[in-house]
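Hi,

Here is the structure I said I would pass on. Have a look at it first, then read my notes below.

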Amino acid sequence: MSAKAEPWQTAEVAGPRKANVITKPEIAAAMIKRAKRPIIVVGHLATKADKDTGKMIDYTISLSKGSGAPVVATAHTAKAFVEAGFTPASSMSVMDIGNRLKDPTWNGLDGKGPYDLAVFMGLPYYMEYLVLSGLKHFSCNLKTITLDRYYNPNASWSFPNLKVEEWNQSFETIINKFGGN
């Protein structure tokens, strides 16, 4: 796995604090396991199964079942989850969940308190970049991980820019750490 820590979009300047690079997928799995209240935010790109996106919706379902993290489906992603036999915890716009995650008084989807780790995947790069920037600057105790295949400097942790094969292998490794199914 190459560990190039350059934003995928050129001329993006994230400021002095940039995401740590996930050099091994085991790091992401360990962080998700260690989190007390993780949440997974999934965008519409997860519903596309092609050579560039792989089986992201299946990976999301396996990750949620293995980790117990609730899934927030954004855009029209909820329909794909239901068709796959999985019910997400909530469906809302990515801006709405971004605003809720930075709100220190929000008690989460289940009312049990704020989340300490948000995993983002399947969102358009430019949109995820902005949401993660807002969370980086305005959330109190929230760590963020992006599992998309392009380095996003506004997350707390991000994969480097990966080839599709490396990215799919990383997902397989993460899913296997959660019992893999």
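**What I found**

With 181 residues, a compact globule would have a radius of gyration near 16 Å, and the protein agrees with that at 15 Å (taken over C-alpha atoms; the globule rule is 2.2 Å times the number of residues to the power 0.38). Before you go on: this is a predicted model, where local features need pLDDT of at least 70, side-chain atom pairs count only at pLDDT 80 or more, and totals for chains, interfaces and linings use all residues. Residues are numbered from 1 along each chain as its sequence is written, and side-chain values use heavy atoms, leaving out hydrogens and water.

You'll find six helices and seven strands, in the order β-α-β-α-β-α-β-α-β-α-β-β-α from the N terminus. Both are DSSP runs numbered from the N terminus: helices are H or I with at least four residues, strands are E with at least two.

Buried residues make up 51% of the 181. Buried means under 20% relative accessible area, exposed over 50%, and partly exposed in between (1.4 Å probe, protein chains only).

Now for the inside. The largest nonpolar core has 33 residues, of which Ile40, Leu63, Phe81, Leu147 and Ile174 touch the most other members. Such a core is a set of buried Ala, Val, Leu, Ile, Met, Phe, Trp, Tyr and Cys residues joined through side-chain atoms within 4.5 Å. Helix 2 (56-67) gives the largest share, five residues. Apart from this core lies another one of 20 residues, including Ile39, Val41, Val72 and Leu101.

Ala75 sits between strand 3 and helix 3 and is exposed, because its relative accessibility is 53%. Most residues other than glycine have a negative phi, yet Ala75 has a positive one of about 55 degrees. Arg149, in the loop between strand 6 (143-146) and strand 7 (157-158), is buried at 14% relative accessible area.

Happy exploring!
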